[in-house]
Amino acid sequence: MKNVTLVAALAASVAFYANAMTTEIDTDGDGMASLSELLVSYPELTEELFREMDTDGDGLINDEEMAIAVDLGMLADPDIDA
Ligand SMILES: [Ca+2]
Ligand SMILES: [Ca+2]
């Protein structure tokens, strides 16, 4: 059943993205991390780095942008206490 495998893989990647955006960061619960929300968890984050993370340039970090930033080491993994 190839379809079952594909669905499972998609579900796994969605879960991965969902994990990158924690409720700890997204304090207003809109599913996006603003610069001010990120600064609470990442006080050393610069506006420049934020703009690099915001690859679609909408001024907010979505799950995918967050996951990529964590993957590239731009942000610490939110699941790991520094
Ligand atoms: Ca938010
Ligand atoms: Ca964005």
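1. Basis of the values. In this predicted model, local features need pLDDT of at least 70 and side-chain atom pairs count only at pLDDT 80 or more, while totals for chains, interfaces and linings use all residues. Residues are numbered from 1 along each chain as its sequence is written, chains are lettered from A and ligands numbered from 1 in the order in which they are written, and side-chain values use heavy atoms, with hydrogens and water left out.

2. Overall architecture. The chain contains four helices and zero strands, giving the pattern α-α-α-α along the sequence. Helices (H or I, at least four residues) and strands (E, at least two) are DSSP runs, numbered from the N terminus.

3. The chain has 82 residues, of which 27% are buried; buried means under 20% relative accessible area, exposed over 50%, and partly exposed in between (1.4 Å probe, protein chains only). Among contacts (heavy atoms within 4.5 Å) with a separation of 6 or more, 45% join residues 24 or more positions apart.

4. The calcium site. Asp26 (OD), Asp28 (OD), Asp30 (OD), Met32 (O), Glu37 (OE) and Glu37 (OE) coordinate the calcium ion (ligand 1) at 2.3 to 2.5 Å. Donors are N, O and S atoms within 2.8 Å of the metal (3.2 Å for Na, K and Ca); water is not among the atoms, so sites may look incomplete. Along the chain, the donors of the calcium ion (ligand 1) follow the spacing D-x1-D-x1-D-x1-M-x4-E. Of the residues at this site, Asp26 is buried at 9% relative accessible area, whereas Asp30 is partly exposed at 44%.

5. The salt bridge. The structure holds one salt bridge, a side-chain nitrogen of Lys or Arg within 4 Å of a carboxyl oxygen of Asp or Glu. Glu47 pairs in this way with Arg51, their closest N and O atoms lying 3.3 Å apart. Both belong to helix H3 (residues 47-53), and because they are four residues apart there, about one helical turn separates Glu47 from Arg51. Arg51 is exposed, with a relative accessibility of 54%.

6. Helix H4. Within helix H4 (residues 63-71), the buried residues include Glu65, Met66, Ala67, Ala69 and Val70. Where H4 starts, a side-chain oxygen of Asn62 comes to within 3.1 Å of the backbone nitrogen of Glu64; such a polar contact is a pair of N or O atoms within 3.5 Å, and within protein one must be able to donate a hydrogen and the other to accept it, with residues adjacent in sequence counting only if both atoms are side-chain atoms. After H4 comes Gly73, with a positive phi near 80 degrees.
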